[in-house]
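Good morning, and thank you for joining this group meeting. I shall present one structure today, and I ask you to keep the sequence and the model in view while I speak.

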Amino acid sequence: SLLSEATTNLENENPKQAYECALSIPIQLSSVEGNAEIAIHAIGSAKKKLKETDGLDLNLWNKNLLRAESALEKGDYSLARGLAEGVLRQLDTERESMDYIRKALRQRSKLKAKWKNLADSNEWDKRLKEIETAAEELEWSHAATLLQRLTDSLESDLGAHSEANELLNFAKNEWATLRVKCDKVGIDLLDEQRRYAEQYLAEASQSAQTGELQICLDKLGEADAMMEKLRRRV
């Protein structure tokens with residue numbers, strides 16, 4: 001089309017336009033040839049990687065590779081290149097996900113140990129089972145996404161658990177000091193405020209051990225309020 005346009009311009013004595021049209025042809029041809037070479041190389045690389053790949057579901061990638069070869073035969077080099085390079089990228093991503101998941105599942109006992117003392121340990125077990133099922137079905141990227149979400153959520157929960165334990169230990173130390181003062185001024189175990197302070201601390205400690213963090217924090221708040229009343233009395 002460009003060559004025809006250049007010829008027409010030349011016949012119509014428009015040499016400048018003819019020159020510009022003709023000049024663009026080698027540039028575009030070079031671009032097309034470059035895409036063709038890249039597409040051929042990408043298809044070859046994809047074929048090799050697919051043959052060397054084990055443990056992945058290759059059906060979709062094989063279909064896309066056939067589409068790439070068909071596009072190459074038809075001269076649609078950009079499409080062929082895009083499809084082949086897409087297969088290569090997805091293969092690399094899926095293999096990385098597969099390695100990541102397999103490594104994590106080999107250490108599942110260590111992972112489960114992190115939440116065995118949490119109140120909702122059954123929920124964490126279910127989430128791990130979802131990851132294992134995805135891996136069995138060779139859905140490695142999906143499994144990797146699920147695992148990343150699990151580890152992020154677990155890190156957050158464990159952080160909250162650690163903070164609750166720090167608050168509990170601080171409250172226990174405060175109570176140890178306050179209890180001595182209570183004994184000195186005659187506030188004994190028959191005192192209602194003292195009994196409640198000790199009860200709330202005990203309940204907070206029990207809740208922390210079972211992983212019921214919100215209950216633990218609530219009980220610590222009640223214990224602190226009761227200890228504040230006792231501080232005013234001593």
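In which loop is Leu 138 found? Leu 138 is found in the loop between H6 and H7. Helices here are DSSP runs of H or I with at least four residues, strands are runs of E with at least two, and both are numbered from the N terminus.

Before I continue, a word on the source. This is a predicted model, in which local features need pLDDT of at least 70, side-chain atom pairs count only at pLDDT 80 or more, and totals for chains, interfaces and linings use all residues. Residues are numbered from 1 along each chain as its sequence is written, and side-chain values use heavy atoms, with hydrogens and water left out.

Leu 138 has a positive phi of about 60 degrees, although it is not a glycine. As a general point, most residues other than glycine have a negative phi. Leu 138 is partly exposed, with a relative accessible area of 30%. On this scale, buried means under 20% relative accessible area, exposed means over 50%, and partly exposed lies in between, with a 1.4 Å probe and protein chains only.

I turn to confidence. The term pLDDT is the predictor's confidence in each residue, from 0 to 100. The chain averages a pLDDT of 87, and 96% of the residues score at least 70. Among the elements of the chain, the highest mean, 93, belongs to helix H6 (residues 121–136), whereas H2 has the lowest, 76.

The next topic is salt bridges. A salt bridge is a side-chain nitrogen of Lys or Arg within 4 Å of a carboxyl oxygen of Asp or Glu. The general idea is that side chains of opposite charge can pair when their charged atoms come close. How many salt bridges does this rule give? The count comes to twelve salt bridges.

One of them joins Lys 49 to Asp 92, with the closest N and O atoms 2.5 Å apart. Lys 49 lies in helix H2 (residues 15–52) and Asp 92 in helix H4, so this pair ties together parts that are 43 residues apart in sequence. Both partners have some accessible surface: Lys 49 is partly exposed at 22% relative accessibility, and Asp 92 is partly exposed at 32%.

Please look now at Glu 198 and Arg 194. Their closest N and O atoms are 3.7 Å apart in a salt bridge. Both residues lie in helix H8 (residues 192–210), four residues apart, about one turn of the helix.

Glu 222 counts as partly exposed at 34% relative accessibility, and Lys 219 as partly exposed at 21%.

What of the cysteines? A disulfide is a pair of cysteine sulfur atoms within 2.5 Å, and by this rule the count comes to zero disulfides. Cys 182 is buried, with a relative accessible area of 0%, and Cys 216 is buried with a value of 0%.

My last topic is the largest pocket. On a 1 Å grid over the protein atoms alone, a pocket is an open set of points with protein on both sides within 12 Å along at least five of seven lines, and lining residues have an atom within 4 Å of a point; a cavity, by contrast, is a set of points where a 1.4 Å probe fits but cannot get out. About 230 Å³ of space lies in the largest pocket. Its volume is the space filled by probe spheres set on the points, which are joined across faces, edges and corners.

Residues lining this pocket include Tyr 100, Gln 107, Leu 111 and Glu 155. Which element gives the largest share of the lining? H7 does, with five residues.

Thank you for your attention.
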